Every structure is written in C-alpha cells, then in structure tokens.
Amino acid sequence: MKSIVKWTGLAALLSSSLAFADGGAVHPQFRWLTFAVFGAIIALTMFVTYIASKKVKSASDFYTAGGGISGLQNGWAIAGDYLSAASFLGIAGLISLYGYDGFMYSVGFLVAYIVVLLVIAEPCRNIGKYTLADILAYRNDPKKTRIVGALSVITVSTFYLTAQMVGGGLLVKTLIGIEYEVSVVAVGILMLAYVLFGGMVATTYVQIIKAILLVTASIVLVMLVWAPYGFSIPDFLTSVVGDPKVQGQVAKVLGDSADNMTAAQLGQRFLEPGLYLKDPLDQISLGLALVFGTAGLPHILMRFFTVPTAQAARKSVIWAMGIIGGFYVLTIFLGMGAATHVGAGEITFVDKGGNMAAPMLAQYLGGGADSMLGNFMLAVVAAVAFATIVAVVAGLVLASASAMAHDLYVGVIRRHTTVTPDEQMKAARVATVIVGALAIVIGIAAKGQNVAHLVGLAFCVAASANLPCILLTLYWKKANTGGVMAGMVIGTLAAITLVLVSPNMTYPKLKLADAHKVLDGDQKKVKELQEKLAAATTPEEQAKLQKKIADAGEGAPSKLEKAKAKLETLTDPAQKAAQEKKVIGLEKSIKAAQDDLKKFEGQKTSMMGLEEPLIKLKNPGIISIPLGFLAVILGSLFYRDEKAAAMWDEVYVRQNTGIGAAKAQAH
Amino acid sequence: MTTAYNWTAIQADPRFQALHAKKTRFLWTLLAFSVVYYVMLPIGAAYFQNIFKIQVWGPLNVGLVFALSEFIVAWGVAIIYSRRANNEFDVLAREIVEQAHTMGSR
C-alpha cells in the first residue's frame, strides 16, 4: 500500500504548489485555513481507504463490499451518493434567488425514493449480483442484454460524471481560486485512489463521511439562521418577505409586471410559484424524470447489492429517505437565509446561477469576509462541497467500471472461458483506471461548455431506458430480450435526440441576437413600449414608459460611460461601493456579449444544424418515458424468447421471496 | 443450485399466490397514490396559483404547506410500507422459503 502514501503525497503537493487564478470567494489571507480543512478531510478519507484496501480481496469485495454493508450504513451511503453538489449548492442557490420554485426541485428528489422503495430496491437485491445488467441478463439473453445494459449504464454515468467534473472544477475555482484544470485533476486522482485501492468498501465509507459532514454543516447553518426567530416558522417567513433585498430581487425577476405591486406584495410573491419555472408542461416533465429516473440511476441501484438481504435493502431506503428528506427541508432555511443575509445581488455577483449562496451564507454567519470564523465556516462548506463531488464521482466511476469489466469483459468477451478471481479483480481495476482517466480528460475538454442540462439528461435516460427495462423484466410475464433491446435503444435515443433539438443547446443566431441586444439596446422591446405609450393616458404612466424606452434602447457601453461618470461624482463610501459594483457588472456583461459575438461570428446553426429549437421542452421526460415503456412492451410482443418465458416463474418467485439470493452473494 | 427448486410449483402454490395478490394490490396502489399526489404539486403551482397563494399562518401559504406535506406523505408511505412488509410480507415469504424444497416434489 505504499502507493496510497504516494497518492496522498501527490495530492498534498498539488495543493501546496497550486497556481492561483485570481479571485475566489476566500480572502488570500485566510487561504491556509481552507487548505487545513481540505487537508483534514482528505486525510480522513485516505485513512479510511487504507483500512478498506486490506479488506478488498475479491471482485465481490470490490464491486459490492462483499454484501457486508448494514442497512443503516447503506442508508447514509445512498444519501452521500445522491446529494450531489447540484442539490446542495444548486438548490440552496435557486431558493435564494427564486424562493418557492427552487424548493419545488427538492420535493421531486425525495418522492423519487418511493419508487425505489416500493418496486425496485428489494427485487434488485434478490435478483442482481453486481450490476444493473445482471438483473436483465438473469431472465433474458445474457449477451445481448449485457451489451445494451452496460452501454446504457456507461451513457448515463458519463453524462452525470461530466456534469460533476465540470461543476466541481468551476466550484473549486470560484471558492478558492485554484485553476480549473488543477482541480479537475485533483478530483480525478483522489477519486481514483479511493476506488482503485478501496473499491466499494472505501467508496461506501467516503460517502458516509461526506453525508454526515454535509448534514452536520447544514444543521449548524440552519440553527444560526433560524434561532434568532425562536425557531418559529411564521416569524422567520415574515422576516423573509419583509426583507428589502428579497423584495428587490422579486421586482427584478418580475420586471414590468412588478410596477403596480407594493413592497409587501413583492415579498410575499417570493413564497409563491412561478418566478423560475415558467412552462407548466416542462415542470411536470422534469418532475417525472426525477421521480422515475432515480430508480434507474446505475450508481444508486448498485448500492442495493452491497447489503446482505432484501430486508436490509428496505431498511437502507427508509434511512436514506429520512436523511435526504430532512436535508431537503433544511434547504428552505439555507436558501432563504442566504436571500436575506447575503442578498441575491451579492450572490449572483459571484456566480450567476446562485451556486455560491450556501458558502456565502456560511461566511456571513461566521462574521463576514474579514473574520477568521467566517472564513473558517466558508472553508468547511467548501471542503464539504469538494468531498461531495469526489464521493459522487467515485460512485459513478465504480458503476461504469463494473459495467465495463463485469458485463462487457467477463460477461460478453470472455463468456466462453473461465475467468479466475484474480483476472476479475484485474479487469475491475483496469476498467476503473480507464474510466477515471476518461473522467479527467472529459472534465478538462468540457471546460467552459454549458453542462447544466447533462444531469437532467442523465435522469431522463435513466427514466426512459433503464427503468422501463428493469421494471417490466421484474414484473411483466411477457417481457423478454426483444423488449429490453428496444427499450434501451429507443429510450436512450429518444431522450438524447429530444435534448439535442431543445432550447438546452446553443443556438448561435439567438446568442448573437442577445449579444446585440446587450450592446446596442433592445429594439423589439422599445417598439413594444412605444405601442404601450401610445395607449397610455395619464401623464405619470407616459413619463414612466418614456423612461423605460430610453433604458431599453440604450446599449450597455453607453450605460457604462454614464455609470463611470456618476461614480466620479459620488463621495459617500456606501454609495460608491454600490456604484462600483454596477460598473463591474456592466463591464462583465459587455465582455460576455463581445466574447459571444466573436465566438459565434459567421455561425448560423446549432450542432444539429438548427437555427432555433424544434421543441419548447427543456426536459423531454414526458415524451421519452412513455416511449421507453412502449418500446419494451412492443419489442417483447414482437419477439419470441423461450428463455425469458421459461425463466418468468423463477424470476418472479425469487424477486418476491429472496430464495437463492443468499447463495448468489456467497461466491 | 437453481435445479433444486421447482419454480413453477412454487409460483402456483396457494401460499405464493396469496403473497403475490396481497403485495401486488398494496404496492401498486401506494405507488399510484404517491405519484399522483406528487404530480399535483407542479400542476397546482402552474394552474391553481390562486389557491397556492392563500395565506394560512402568517406569510405561510397553501403552496408551501402543500410542498411540505409532500415530505410528510413520502415519509408516511415509507412507514406504512415498511410496517406491512416487516409484519406480513416477510412472514409469508419466510414460510414459502422454508417449504420451497418440498413444493412440487410430490
């Protein structure tokens, strides 16, 4: 295990001699504090990996910790696997900017576990061994279903992985100013160390540690936010709706329609739906993908093979639902606390998507950007977020590596020969290195790309391909190889194709138009306002509209000049600071628009050759999920498969009773 | 190891059929209820904003109460299911597992 020491040394070296990018939320004076906290967490997980590495002797240990994880442990590990940076930082951020709509995301993530609990967890434990494709191969043609199953696992995991790597790199850069590439490599190397040496045992413990840290940190923050109101819900909410920063943010989001609202109405609006999610159908579609996709996520399914019995699988989902649900309730206080204490203006100034809401709230609660405690708390939240990314990535890499080594290599390529336990282990480790290296390469290659839709796409493919195939294989007598092949292919292709023609893609023509709007003013809006002006009757209304027309028609560069001129005249420090922010904000938007002009110059169409999106839906679940189910049903009805029919009795009895499952995990 | 059991006989056994019938009805009812209750949230948020806006306790409105009730319902479903599974389904399944090798051998 000398090599572990080497890895740790390398990680330490990386963090001590890092090239700093400018910026970062942590003040340079306190950067050592951040590294101390990061170092402590990394050291703890490395120690656990070292212990675990002694226990990993067989492929079964490597993939599923030998089935020796308890229900309680697995519940925490599921929470650790599932609560990604997107849900921790992303949802707290959405709530801090848009109130109620951000919280709606939280609900879907928990409800998803009802599907897992009722119809997926226990049967999967009873039938499967290491991978999702094991379940399909048991009843159907093993070679064919292993190939499509493994490909789907790799597809889903790669989408999810890319989003995590890119998100992680950006996050570390924003938080402490480390170069993007360096943090992607650091995440990759750490994750490889856990998985390679400690397999599922180390991955499980890293996920448990991370989940405990995340929940503890959130509880501490929520206590600090809520305690001043005596833990009263109405008092806390009254302070939120009465906060001028919240009211200002709502007015900004609503734009023109906020004109006739009072401050109190604006504040209350923050607790009502519709500030962020504007298309109802899209909203329902996203909800369906979350609820049905979770049950088809390979890295979550894999967790059920680590427990010894169906009862333990059940217990682990119950624990996971308690932890995950409890955490998501806390996100209300994290998000709204950030909205009142930090304010949407400051949050979006650091990161447009709001991802910095929770870390900035921690810094504020500890005493602000100049205090030791404030920076310590920021460092803890940053380290927890980093641990989160590493733990989720480790689970994803393990899931794809098992699909590659166990399903494709051992199950398909070496199907006719005996594979010794040593060879199985070697295959697993080689696959891990391949997937890990790919994750780093993809992470670096995707720098600067818009990957926000990839997590949604991963859920959507899981819901449209994996779930229909697993569910019908387990519960429908007539399901067979033909259905699984059709379901996997059509479900995956439908989800991906629909996203490729959706508004998620980049459309140069629209981008160019937006950039021109910023630089030269929005002529379309000017026209609209002029029409309104013609219809306006009272002088106040006319004056208001004229002011708006002037604002809409003016490009950012001339606004910038005026803002700079005004800055010269200001003397009050507070006003000056606010005006400086405005100037920086304008400079940023001008630069972004100019960059876009350069980047998309001469381009007319998106990757798919489209000038604008073909469909309005950003989340295609509502179309692709029924398509996936339909494909499995039709594929099964038009295909003759004697094995699948003959195996039905056995599969159904086993998934319900667990007969033979104890034996399956003994070897 | 699979040849030791007569799966068709176990599947046809009245005890297994009883377990199957009970589980099927219970699970799919709970699942359908949960999904419908969940989908009511985005539908309500989109089409019944007037109801969601009604304030019930200070600034706390129906929409927030409904969103929070989703958590209570999810946990409730989990408890109801685990009670029934622990007390009833597990007992029936254990009986079948113990008798499995004799089923169909007569």
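Q: Which side chain does the side chain of A:T306 meet in a polar contact?
A: A polar contact is a pair of N or O atoms within 3.5 Å; within protein, one must be able to donate a hydrogen and the other to accept it, and residues adjacent in sequence count only if both atoms are side-chain atoms. Here the partner is the side chain of A:N74, at 3.3 Å. The side chain of A:T306 also reaches a backbone atom, the oxygen of A:R303, at 2.7 Å.

Q: What kind of model do these values come from?
A: This is a predicted model, in which local features need pLDDT of at least 70 and side-chain atom pairs count only at pLDDT 80 or more, while totals for chains, interfaces and linings use all residues. Residues are numbered from 1 along each chain as its sequence is written, chains are lettered from A and ligands numbered from 1 in the order in which they are written, and side-chain values use heavy atoms, with hydrogens and water left out.

Q: Where is A:T306 placed, and is A:T306 buried or exposed?
A: Helices (H or I, at least four residues) and strands (E, at least two) are DSSP runs, numbered from the N terminus. A:T306 sits in the loop between helix 14 (298-301) and helix 15 of chain A. Buried means under 20% relative accessible area, exposed over 50%, and partly exposed in between (1.4 Å probe, protein chains only). A:T306 is buried because its relative accessibility is 0%. Contact means heavy atoms within 4.5 Å; leaving aside neighbours within four places in sequence, A:T306 is in contact with A:T64, A:G67, A:G68, A:I69, A:N74 and A:M200.

Q: What does A:N466 touch?
A: Not counting residues up to four places away in sequence, A:N466 touches A:L132, A:S152, A:V156, A:G296, A:P298, A:V461 and A:M488. A:N466 lies in helix 20 of chain A and counts as buried, with a relative accessible area of 0%.

Q: Which residues of helix 19 of chain A are buried, and what covers them?
A: Among them are A:M425, A:A431, A:V435, A:G436 and A:I440. The cover includes helix 3 (59-64), helix 8 (142-176), helix 9 (180-226) and helix 18 (372-413) of chain A.

Q: How are salt bridges read?
A: Side chains of opposite charge can pair when their charged atoms come close. The rule asks for a side-chain nitrogen of Lys or Arg within 4 Å of a carboxyl oxygen of Asp or Glu. Over all chains the structure holds 16 salt bridges. One of them joins A:K591 and A:D595 at 3.2 Å, N to O. A:K591 and A:D595 are four residues apart in helix 26 (residues 573-600) of chain A, so about one helical turn separates them. A:K591 is exposed at 52% relative accessibility, whereas A:D595 is partly exposed at 33%.

Q: Are A:R654 and A:E650 buried or exposed?
A: A:R654 is buried, at 2% relative accessible area, and A:E650 is buried too, at 8%. A:R654 and A:E650 form a salt bridge whose closest N and O atoms are 3.5 Å apart.

Q: How is the size of an interface stated?
A: It is often given as the accessible area lost when the parts come together. Buried area here is the accessible area (1.4 Å probe) that two parts lose on being put together, summed over both. Between chain A and chain B it is about 4800 Å², with 76% from carbon and sulfur atoms. A:L118, A:R314 and A:I659 supply 13% of the area that chain A buries against chain B, more than any other three residues.

Q: How many salt bridges does the rule find across the interface of chain A and chain B?
A: The rule finds one. A:R314 pairs with B:D90, the closest N and O atoms being 2.9 Å apart. Helix 6 of chain A gives the most to the side of chain A that touches chain B, with 14 residues.
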